[in-house]
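Here are my notes for a colleague who is opening this structure for the first time. They are set out as numbered points, beginning with the contact between the chains.

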Amino acid sequence: MLKTISLAALALAFSTTASFAATNITWWHGMAGRNGEVINEVAQKFNASQSACALTPVSKGTYEEALASGIAAFRSGEQPNILQVFDAGAATIINAKGAVIPAEDLINKAGYNFDRNAFIDGVRYFYADAEGKFVGMPFNSSAPIMYINDEALKKAGVEAPKTWEEFEAIAPKLKGAGFIPLVQSQLTWQFTENFFSRNNVQFATNNNGYDSVVDTKLNVTDPNLEMMFEKLKAWKDQGHFAFYGAGWNDNQKVFEEGKAALWIGSSGSFGGLQKTAQMPFSATFLPYWGSIKGAGTNSFIGGAALFAMSGKSDEENKCVARFFQFLTSPEIQYFYHKSTGYVAITKAAYELAEKDGYYKEKPVAEVGIKQLLLPAGEWSKGYRLGFYPQIREIMEREYGRIFSGETTVKDALETIENEGNELLARFAKTAG
Amino acid sequence: MAAKRVQFSSPFLPYLFLAPQLAIIFVFFYWPSIQAIQSSFYLEDPFGFGATFVGMSNYTDVLKSSEYLGIARFTAIFTALVTFFALSIGLLLAVKADGVIRGNSAYKTLLIWVYAIAPPVAGLIGMMFFDQHIGPIVELARWFGWDIKVGLDYFDTAFAMIVVSVWKQIPYNFIFFLSGLQGIPVSVREAAAIDCRSGLRRFWTVILPLLAPTAFFLLIINVTYALFDTFGIIDVMVKDKAANNPITLVYKVYMDGFRGNDLGGSSAQSVILMIIVFVLTVFQFRLIERRVHYN
């Protein structure tokens, strides 16, 4: 009797495992809070859509922590199938030849069609190699846009500026109306990386670092960037621009409370801002300089991409490809776009959102995509610089010193260039 | 008097008893230290595909960097100030609490409970006190015309970091000083009271020398606290962005190694830090311990 029962149990156990013989894949990401919940929802949708693959997302804390744990796991052979890596960490993972399988190869090998042109322009190059082949799969993408406190502009009787020249003209009126005319939340992203793309100025040699890591040098002493920071410093002294430190929220808070007229933040901030802003707001593109020739090109994406790590079985890789296909489908992109505020990365998803009337209801949600869809310039595709998180640290430090009057713009930019070039040279040695 | 000795039946038995502890020390301290020393001589790709032997260049790069020297200078000042204030305020409170006869335990509990707070939580509470928008200390300072901007102004951030670090460590020092004071025999105190009328003088000549072993122990503990355990406080205060804010050497190791993925440079820095702590400990035991009387 006992024997039959145990046999039956055994048979049952086998039959259940057979029916759930899904290939398990893992996805490490650096998102928490609401954005982390949305990732779980995306994974649930994927698992429900088919039975061959089972995806488990794991939150590893912040972007930096996710990258650090991914690297540590890879070194001990315990890497996840998919790792989310943020924009500044892209060079680290793309230059580690053999750590990842290029997303495009993976998808093609699994028998799916991959069309680079399906992605919107500002997205297409950032995680791709010099030939344009997608190494990472863009996932959560954002653009720096300018949020507008509608009441402030109405009170001052001015229009939102398209260029920085226009901003200079309206700033005294905004100040006169009792508002801080301008705040921003990340100088390195909004006034350095995207300054170069929006104004179509070269950021670094070797094609912004795409062509080679050897002998790549920064171009932050460019007279245009120097002019931008001289202006920012002057605006700060005149009370037309305020700076509350390198922390993102310290600067966002002033806008949420309705004290600032204009705030440069991320298109991905839209979801949260709808809940926290205490006044009606709208948004427009990140301004550019009318005085710089060829300015006004698109900005490239911020945010993060998904990388398929190497050293996994073909079966698992197929599942990863399947998931990437699923993720870029218009329905999922639209769902993600709506739930988080990150932009839709494919043209089809953008059209779907438009057709659905989403942008009529929430015009702000469209600003980021529209900015990414602007005509591309020679230098608006992105950058690929090693040890870049450390270079960002140097920039944050020197920019802080400019605003506190400890250094001049010229000296600060020179320091960034010197220390940054040393780091780039060090990186070239590690990647060589 | 013959020294007491525990006799073991087998000569291996004591080693067996020590083995678990030694194993833990080896796995969690010596092994990582050896690895750090090894990787400090290499420039390594983060994913571990290749490492180039570069000799001492990681060390020379770090020591030549003016940024690193600036951080080292701040670390020295920070450690000195935190140790000094945490020790002296802890001692003052212990002496005062020791003198209280009624409500004695209530004072002790109030002073000790702060020690139960984890450093990041202490950092968070401190951050709220010093918050640019809502901090009560910021409001208070504004009354006196001081516009505190933590996270923006180098000096203000340093001030806030030191205040929170000291506040966090006072209870620990307080506990040790208080038990040290209570360990002083009543007869000694009475004799001192007869010989010397001035309370302050009595404290300097009789009580403090008797507290010296406790104070010496606390000095070493406080120096290592300021050097290493303040990491959580600093992390919360600078919110992951060092920017133009002061940081200590151990935070720089973390920034370069875990955020910047520069393993060789970060290892070299941690070896330098190990050497500094080693030298400091030797110095303390050689020079200061001579002035300490244990009996």
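This is a predicted model: local features need pLDDT of at least 70, side-chain atom pairs count only at pLDDT 80 or more; totals for chains, interfaces and linings use all residues.

1. Across the interface of chain A and chain B there are 6 salt bridges, a salt bridge being a side-chain nitrogen of Lys or Arg within 4 Å of a carboxyl oxygen of Asp or Glu. One of them joins B:Arg259 to A:Glu64, whose closest N and O atoms are 3.0 Å apart.

2. Residues are numbered from 1 along each chain as its sequence is written, chains are lettered from A and ligands numbered from 1 in the order in which they are written, and side-chain values use heavy atoms, with hydrogens and water left out.

3. In extent, the interface brings 35 residues of chain A into contact with 31 residues of chain B, contact meaning heavy atoms within 4.5 Å. Chain A and chain B bury about 3,200 Å² between them, 54% of it on carbon and sulfur atoms; buried area is the accessible area (1.4 Å probe) that two parts lose on being put together, summed over both.

4. Within chain A, domain 1 covers 23-142 + 301-328 and domain 2 covers 144-300 + 380-431, with bounds that come from an automatic or database domain assignment. The C-alpha centres of these two domains of chain A lie 29 Å apart, and their contact takes 18 residues from domain 1 and 21 residues from domain 2. Together, domain 1 and domain 2 of chain A bury about 1,500 Å², with 59% of it on carbon and sulfur atoms.

5. How many salt bridges are counted between domain 1 of chain A and domain 2 of chain A? The count is 1 salt bridge, and A:Arg392 forms a salt bridge with A:Asp87, with 3.7 Å between the closest N and O atoms. Across this interface between the domains of chain A, 3 residue pairs are in polar contact, both residues at pLDDT 80 or more.

Note on methods: A polar contact is a pair of N or O atoms within 3.5 Å; within protein, one must be able to donate a hydrogen and the other to accept it, and residues adjacent in sequence count only if both atoms are side-chain atoms.
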